[in-house]
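Student: I have not looked at this structure before. Please take me through it with questions and answers.

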Amino acid sequence: RSGSGKTTLLRAIAGFEPISSGRIVVDGRTVDDGSRGGWVAPELRRIGFVFQDYALFTHLDAAGNIGFGAPGSRDERRKTASEWLARVDLASHGDRKPGELSGGEQQRVALARALAQGPALVLLDEPFSNLDPHLRRQVRDDTIALLRENGATAIFVTHDVEEAFSVGDRISVLDGGRVAQTGAPHEIYTRPATRHVASLCGQAAFIPIDSIATGEAVCALGEVEVIGEAAVGDCLVVRPEHVVVSAGEGAAIVRRRFLGPVEELELTIGDLRIVARVAPGSIAKSATEVAVTVVEQLAVVPRR
């Protein structure tokens, strides 16, 4: 979430924010150990940085921006810039200033500038947040394809969970400046370590476990299977896709939302509130109650 420390973490890795304790190691080399003598200047860290606002030099054209940090002589930098312009499909835009480029084109120039340095690591700070929604997915997919094509190690910061899942090989969730959980996207989603992680990853209801019977958890939804260990007082993570709704009684419908391919039902069972998704028209508009069944194993998180 905003304020959790994402950008500060990137700035520390890049060398813009010296750390007071701990160590930052890039490609086997310590670049900051919290001491004055252990701090390595940003330009010596072999790190490329794609800023949220791109931070292109307004007095330089696209070729000049890309070649600015590239190694070699002036002619070698020009050649590098020309090659990268072609790789990001901007071969005919090399003489254009940033103000003459669209948002997506500026983003590609910023990425090419970062990669042209031959970095050991590329840092990306919400690089697509300034793009129109219809451009965002295409530019994102092109960017990730280019990073993978170049075998680049990248740390990508985002507050968009869908983006994190689609981009990351591994995800770290920050909570108040601390890492709450690190793992593969599927692990983060299906086995969240805390309520914060679970709620950040999508809609979720947290239902207390009343008792444990025959290896299953007993709660307001009845007996359900769980992932891993569970104890009385822990909470089950119930997402819309875990719930099957049918004609019957047990859960009151308090709100309905038509979302095109699905209809979202907000349901209450006693004091509990859960969300389910059904095919439009599958539950009669006149229905005020439905029967609810949990059809998947549920993750378990601490009560708080």
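Student: How far apart do the centres of the positive and negative side chains lie in the protein chain?

Tutor: This is a predicted model, where local features need pLDDT of at least 70, side-chain atom pairs count only at pLDDT 80 or more, and totals for chains, interfaces and linings use all residues. Residues are numbered from 1 along each chain as its sequence is written, and side-chain values use heavy atoms, with hydrogens and water left out. Lys and Arg count as positive, Asp and Glu as negative, while His and the chain ends are not counted; a charge is placed at NZ of Lys, CZ of Arg, CG of Asp or CD of Glu. The chain has 34 positive and 40 negative side chains, and the two centres are separated by 5 Å.

Student: What radius of gyration does the protein chain have?

Tutor: The radius is taken over C-alpha atoms, and the globule rule is 2.2 Å times the number of residues to the power 0.38. A compact globule of 304 residues would come near 19 Å, but this chain has 25 Å.

Student: How many helices and strands are there?

Tutor: Both are DSSP runs numbered from the N terminus: helices are H or I with at least four residues, strands are E with at least two. The protein chain comes to 8 helices and 17 strands.

Student: How many residues of strand 4 are buried?

Tutor: Buried means under 20% relative accessible area, exposed over 50%, and partly exposed in between, with a 1.4 Å probe and protein chains only. Strand 4 spans residues 121-125 and is mostly covered. Its buried count is 5 of 5.

Student: Which residues of strand 4 point the opposite way from Leu121, Leu123 and Asp125?

Tutor: In a regular strand the side chains alternate between the two faces of the sheet. Leu121, Leu123 and Asp125 take one side of strand 4. The other way point Val122 and Leu124.

Student: Which residue in strand 4 is the bridge partner of Val50?

Tutor: Two strands pair if DSSP finds at least two bridges between them. Strand 3 (residues 47-50) runs parallel to strand 4, with 4 bridges. For Val50, the partner is Leu124.

Student: Which residue in strand 5 is the bridge partner of Val122?

Tutor: Strand 5 covers residues 154-157. Strand 5 and strand 4 run parallel, joined by 4 bridges. The partner of Val122 is Ala154.

Student: What covers the buried residues of helix 1?

Tutor: Helix 1 (residues 6-14) buries Lys6, Leu10, Ala12, Ile13 and Ala14. Contact means heavy atoms within 4.5 Å. The cover includes strand 1 (24-26), strand 3, strand 4, strand 5 and strand 6 (171-175).

Student: Is Ser20 buried or exposed?

Tutor: Ser20 sits in the loop between helix 1 and strand 1. Its relative accessible area is 70%, so Ser20 is exposed.

Student: Is Leu174 buried or exposed?

Tutor: Leu174 is found in strand 6. Leaving aside neighbours within four places in sequence, Leu174 is in contact with Ser4, Gly5, Lys6, Leu9, Val179 and His196. Its relative accessible area is 14%, so Leu174 is buried.
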